[in-house]
Each structure stands twice: as structure tokens, then as C-alpha cells.
Amino acid sequence: MNEFVERSIAIGTSSPRASYDVVIIGGGGHGLAAAYYLATRHGITNVAVLERNTIGSGNSGRNTTVIRSNYGIPEAVAFYQRSIDLYEGLEVELGRAVMHRTKGLLWLAHSEATVRAERARAAINSELGAETHFVTPEEIRRICPQIDLDGGGSYPVHGASWHPHGATARHDRVVWGYAEGAIARGVHVHQGISVQGLTVRAGRVVGVETSAGPIGAGIVLSAVGGHVSTLMAMAGVRVPITTYRLQAAVTNHYSETLAPIVISSDLLVYVSQTPRGELLFGAEVDRAPTYSYRSDVEFLQACSLRAMTLLPFMRRLRVLRQWAGVCDMSPDYSPIMGATGVEGLLVTTGWGTWGFKGIPAGGEAIAELVATGVVPELIAPFGLGRFAADRTMADRGSAGTH
Ligand SMILES: Cc1cc2nc3c(=O)[nH]c(=O)nc-3n(C[C@H](O)[C@H](O)[C@H](O)COP(=O)(O)OP(=O)(O)OC[C@H]3O[C@@H](n4cnc5c(N)ncnc54)[C@H](O)[C@@H]3O)c2cc1C
């Protein structure tokens, strides 16, 4: 056990102070990145991260680690492009091997309609600065020879959009890297402390009620993933979030290299290879809202069949594990960052099925907002107020499978 880990575990189990300048609820990637950038960019270290379970036990430790910036609207492309840039320098920034790998992302088209959609994606993204090209089946074969271009006879591949900056990183290392970096600068990360109430006086949040007693706070940031509706209701704030389950699975080791990330909207499936050689695959959220973390055999059957249709070699592999997370889906498929209407209470949510890639840019921007009180330009379009003002940021480029 290294010095950082020992220290963080000790801090995680020690009692919290009576109050902090900033209390961050939720020890996922977004909460921890905000704490890290508060400490490193703004010198604000009287900060506590309160995590009811263990850090990374929410979606930040359950995701399939796809990083990309080929979104559908200019504001989102700019935001995720900033995140890609931060991810590319994250190992140096944190001094930790987060296993970031740029491998490229192929978004396959199996019909005339999806050819048009992927051509449009390539054109829009290139125009907005997220390099993406339309590629032919011959080029796809060169990039990823394992893809069955006949699509099992039913899903012939007519082309794809190719996003060379698509990447992956090891999710728990990202979480721990941010946590250790914050802790090393004096931030308290408390695991096993659940926030059960928000104390609001005269329209201003002044603290939180926790399983370890009350804690005063100058500013409270909610970063609780799929549990945001419950938390915000404690302060009388309604957020337009519905929580849905998303599942994923991983196979045993594949001895060859699957170079890119492969996505198909027609087949509703995506596949990538982990640094250990396993194949990671997933699909879309369930149709009905739920807070259930149970994964099921229906998902596994349907999703593995679709994955094998594209990548027939996967028939020889065995599924090692499957799991689920609960995703905070916003009505316009864009994140929500910033003020809540209660003074001092900020929120980062709406990360849905796409929030791992947003961790560095989201944490950086929220830290700037906390430190300066000014909403950074990069996240200004993503405020909660956009729904009441009828300025939604509809982005069908958010989720990997549509
Ligand atoms: C199966 C799956 C695959 C995914 N794949 C991708 C992908 O490939 N690429 C991508 O970009 N995104 C992906 N995502 C989405 C991504 O994982 C999330 O959007 C992101 O991790 C959200 O981070 P977060 O910090 O907001 O939330 P979380 O990581 O969920 O952290 C929230 C934390 O808050 C804690 N908490 C909740 N309530 C309380 C409370 N009352 N008191 C204290 N603590 C509390 C929870 O325990 C949790 O640890 C995927 C998600 C899933 C489930």
C-alpha cells in the first residue's frame, strides 16, 4: 500500500470537521475532480467530499470508459473537447497511471439512413473541431479487420464515422487519482458518510445533515449521480432528471488486439477492449425508470448476440461479469451544471450514460464556479435555468448507441 492510499484511507475513516468552506456530496468522478481542481487551481482546501459508500462505487466505477468529443451541438463539442484535452494530460497532471489510451472510435452505419446520419456527424464534428471522418467499408477493414462487414447477413456495414481521438482510461484509477491528488493538498474525503438532509436558512444552504451528524458548509455541491432527485428534494429543488438503469458486461481475455472502440446505433451495441485484453460491451438504458442495480440475463442475451453479429470472434469468449448502474438522464440529453435557485447550493448532474468522459472538464469548470462565483463560459449553456427559459440543449449525439 503506498503512502497516498494509506493516508486517504486514514482520512476517509476519521471524523469530519464541524464545518467546511465547501462540502461536496458524492465521491464519484465529478465530485472528486471538483475537489481536486478547487485545491490545485484555486488553493481552496477546506473542502470535504462525503461519500456514503466507497469512492467510485457509483457509476464512475461502473462505466465502460469511452471518451470522445463527437457530440451533436457546438456547446457540447467544445465542452467534451476540453475534457479530451485534459484526459490526454491526466497521467502527467495526477502523477498516476490512469491507463489513458487514444484508440479511435468507429460508429458503424448499416442502412442508407445511418449512412446519412454518420456522414452528417462527421461533417458537423469536423466543422466544430472534433476531428471525425466518414470512412468506407474498405477503410473500416483496415482500421478493424475483425468487424464482419456483412453484419451476419442482416446488418451489412455501409460505412462509418471515424473519430481518431476516441479513447479509454481506467475508471477506478481516474477516481483514485483525483481523490489522492485532492487529499494530498488537504481535502478531506470521508467514505461511509451519507447525506440525509440539507440545511437551508433564509434561502441559503448552510450545511448538511449526515449519518455522522450535522456539518456546516459555505457552499454545497451535489454530485450524487442517479440519486440527485432525492437529494435536491431535500432543499425543495426539482431537477428534470429521470433515473434509468444501464448495464454492461465484460468477457475473458482476447489474445488479439481490437484496436478501436466499435459502436453501432442500428444494433444498439458498443464494444471496446480493456488494457487487460477483455472485451467490454454495453447498450442503452432500460425503457422504464428504476433505481435497481440488478443486472439481468435478458440484457446479456440480447447484447451479446448483437456484439457477436458485428464481431463474430466474440463467440469464442466467455462472459466474466455483468453489472448495472443508475443513470441521471436529462430530457435534452445534456448535463446540468451550476446554480439551483438555493443560494450556495450547486449541482452537477444529467451525466446519464455519457458522464465519465466529462469528468475532467466538468470538475474543472465547477471548481472555477465555486471559487469565483462566475459561471465559466464553457458550462454557461448547461445551467438548470435553461429548462424554465425554454432553451434546452437537445443533443442526440450524447449516448453512444443512438
Ligand atoms: C454501465 C455504464 C456504462 C457507462 N459507460 C460510459 C462510457 O463509456 N463513457 C462515459 O462517458 N460515461 C459512461 N457512463 C456514465 C458515467 O459512468 C457517469 O455519467 C459518471 O460516472 C457520473 O459520475 P458522477 O460522479 O456524477 O456520479 P457517480 O460516479 O455515480 O457518483 C455519485 C456518488 O454519490 C454517492 N451518493 C449518492 N447519494 C449520496 C448521499 N446521499 N450521500 C453521500 N453520497 C451519496 C454515490 O454513492 C456515488 O458514489 C456509464 C454508466 C454506466 C452505469
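This report walks through the domains, the core, the ligand shell and some local backbone features of the structure above.

## About the model

The structure is a predicted model, in which local features need pLDDT of at least 70 and side-chain atom pairs count only at pLDDT 80 or more, while totals for chains, interfaces and linings use all residues. Residues are numbered from 1 along each chain as its sequence is written.

## Two domains

Let us start with the overall layout. The domain assignment divides the chain into domain 1 (3-63 + 171-240 + 331-386) and domain 2 (105-164 + 242-329); such bounds come from an automatic or database assignment. Taken over C-alpha atoms, the centres of the two domains are 31 Å apart.

Contact here means that the C-beta atoms of two residues, placed from the backbone, lie within 7 Å. On that basis, 13 residues of domain 1 are in contact with 10 residues of domain 2. The side of domain 1 that touches domain 2 has two nonpolar, 10 polar and one charged residue. In this classification Ala, Val, Leu, Ile, Met, Phe, Trp, Tyr, Cys and Pro are nonpolar, Asp, Glu, Lys and Arg are charged, and the others, Gly among them, are polar.

## The nonpolar core

A nonpolar core is a set of buried Ala, Val, Leu, Ile, Met, Phe, Trp, Tyr and Cys residues joined through C-beta atoms within 7 Å. Buried means 20 or more other C-beta atoms within 10 Å of a residue's own, exposed means 12 or fewer, and partly exposed lies in between, with C-beta atoms placed from the backbone. The largest core has 114 residues, and those with the most contacts inside it are V22, V23, I24, I25, A35, L221 and V262. Helix α2 (residues 29-42) gives the largest share, eight residues. Both domain 1 and domain 2 contribute residues, so this core lies between them.

For a closer look, take V262: leaving out residues up to four places away in sequence, V262 touches L106, L108, C144, I147, Y270, V271, L310 and L311.

## Around the ligand

The ligand is surrounded by 40 residues, the closest being G28, G58, G225, G325 and G355; a residue qualifies if its C-beta atom, placed from the backbone, lies within 6 Å. By class, this shell has 13 nonpolar, 23 polar and four charged residues.

Helix α2 and strands β2 (47-51), β13 (242-253) and β17 (319-329) each supply at least two residues of the shell. Because domain 1 and domain 2 both give residues to the shell, it lies between them.

## Strands and backbone details

Helices (H or I, at least four residues) and strands (E, at least two) are DSSP runs numbered from the N terminus, and two strands pair if DSSP finds at least two bridges between them. Two bridges join β3 to β8 (residues 167-168), and I67 stands opposite A167. Elsewhere, four bridges link the antiparallel strands β18 (residues 336-339) and β19 (residues 345-349). M337 faces T348 in that pair, standing opposite it. The hairpin has five residues between these strands, and G341 takes a positive phi near 100 degrees.

T65 is in the loop between β2 and β3 and is buried, with 22 other C-beta atoms within 10 Å. L268 is in the loop between β14 (261-264) and β15 (269-273) and counts as partly exposed, with 17 C-beta neighbours inside 10 Å.
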